[in-house]
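Here is a friendly walk through one protein model, from its confidence to its cores and charged pairs. Please keep the sequence and the structure open beside you as you read.

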Amino acid sequence: MRSKELADFAGVTVRALRHYHQMGLLPEPPRSANGYRSYSAGDIVRVLRIKRMTSLGMSLQQVGEMLEGEGADEDLSFTETLDALDAELTQEIERLQEKRRVLAMLRERNLDPDVPLAFGDHVARLRDAGASQHLVEMERSGLLLVDRFFASGSEEAEAVSRFFSLIAETDSVETYVSLNERMLALSPASSEGEREKLADEFVGFMLPILMEGKRLYGWELGVDSVLAMSSACDSGDFHAEGAGFSPSFPSSESQDLDTLMDMYDRETLNEAQVEVNDRVVKGLLAALGG
């Protein structure tokens with residue numbers, strides 16, 4: 001039986017047969033006088049066994065290990081492989097169920113699929129409050145970077161999420177949007193008075209929210225946490241270097257995040273906006289006695 005005939009009979013492709021040969025799963029058959037491979041009935045059975053095991057989710061490497069392990073400890077080898085496969089499938093089912101749960105929440109709450117779930121409600125509230133697409137994109141970009149370095153459900157991510165929730169709970173979303181829109185509209189040619197006024201308004205906006213977070217969640221309102229929250233608030237950005245929490249990633253990743261956020265700032269904020277951000281931090285620290 002030639003390659004094409006075997007492939008058709010077993011329900012595989014000729015390319016798959018070649019791959020089986022390359023991996024050592026299927027011995028090379030003798031060739032006929034005209035140079036074609038000549039497969040036997042045993043080869044057909046071998047291919048059917050391979051196909052059967054891969055249909056259960058086994059990798060070709062696992063199939064090869066099982067075929068090679070046939071002999072003295074065959075039952076043990078099969079059991080170990082099946083147990084490992086069952087564990088892998090269980091994990092895959094859990095991953096798929098979690099994806100379905102997230103999709104259901106996105107549909108139910110009408111959230112953007114490209115925004116981390118923990119911050120989806122915040123971005124939706126911005127839109128409801130009339131935020132520009134520019135502000136929404138800035139916010140989403142910053143939150144994606146936060147989500148990349150702070151694991152979902154971690155203390156750090158939870159603190160940022162709570163900060164945004166407090167903005168909503170204090171009916172301050174429209175003010176948040178207005179202040180950020182003014183920040184994004186600030187030009188390098190803006191006057192000293194304009195920068196100072198905006199910074200003072202940001203401080204007045206943030207101070208009661210930070211105090212409420214201290215009351216409800218025990219936030220330590222020192223230099224680090226003020227740096228973090230003010231960055232999250234006034235530019236859609238978030239600097240891990242001053243987060244005030246125990247990082248959930250190695251110091252090398254922290255350095256990578258610092259570098260990335262500095263790059264992000266250079267690409268998205270002008271000199272006036274960076275200056276206002278610095279004034280906000282100093283103003284909050286002064287108000288908090290820091």
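Confidence in the protein is lowest in helix α11 (residues 223–234), with a mean of 58, and highest in α9, with a mean of 95. The score here is pLDDT, the predictor's confidence in each residue, from 0 to 100. Helices are DSSP runs (H or I, at least four residues), numbered from the N terminus. Across the protein the mean pLDDT is 82, and 81% of the residues reach 70 or more. Over residues 236–254 pLDDT stays under 50, and the model has 53 contacts beyond four places in sequence for them; a contact means heavy atoms within 4.5 Å.

A word on the ground rules: this is a predicted model, where local features need pLDDT of at least 70 and side-chain atom pairs count only at pLDDT 80 or more, while totals for chains, interfaces and linings use all residues. Residues are numbered from 1 along each chain as its sequence is written, and side-chain values use heavy atoms, with hydrogens and water left out.

**The nonpolar cores**

Which residues touch the most other members of the largest nonpolar core? They are F163, F164, I167 and V280, in a core of 39 residues. Helices α6 (117–128), α7 (133–149), α8 (155–169), α9 (173–185), α10 (192–217) and α13 (271–287) each supply at least two of its residues. The largest share, 8 residues, comes from α10. A nonpolar core is a set of buried Ala, Val, Leu, Ile, Met, Phe, Trp, Tyr and Cys residues joined through side-chain atoms within 4.5 Å. Buried means under 20% relative accessible area, exposed over 50%, and partly exposed in between (1.4 Å probe, protein chains only).

Leaving aside neighbours within four places in sequence, I167 is in contact with S172, V173, Y176, F205 and I209. A second, separate core has 19 residues, including L6, A7, A10 and L85.

E169 also belongs to helix α8, and this residue is exposed, at 52% relative accessible area. Its C-alpha atom is 9.7 Å from that of I209, 40 residues away along the chain.

**Charged pairs**

The structure holds 15 salt bridges, each a side-chain nitrogen of Lys or Arg within 4 Å of a carboxyl oxygen of Asp or Glu. Here are three of them.

| Pair | N to O distance |
|---|---|
| R95 and E92 | 2.5 Å |
| R162 and E158 | 3.4 Å |
| R195 and E275 | 2.4 Å |

R95 and E92 sit 3 residues apart in helix α5 (residues 74–109), so about one helical turn separates them. R95 is partly exposed at 44%, and E92 is partly exposed at 32%. R162 and E158 are 4 residues apart in helix α8, again about one turn.

What does the pair R195 and E275 tie together? R195 lies in helix α10 and E275 in helix α13, so the pair links parts that are 80 residues apart in sequence. R195 is buried, with a relative accessible area of 7%. A network of salt bridges links E192, R195, E271, E275 and R279.

D43 lies in helix α3 (residues 41–55). D43 is buried but has no salt bridge, and the nearest side chain of opposite charge, R46, is 7.2 Å away. For charge, Lys and Arg count as positive and Asp and Glu as negative; His and the chain ends are not counted. The D43 side chain does reach the backbone nitrogen of S40, at 2.9 Å. Beyond its neighbours within four places in sequence, D43 is in contact with L26 and P29.

Methods
Polar contact = N/O pair within 3.5 Å; in protein donor to acceptor, adjacent residues only side chain to side chain.
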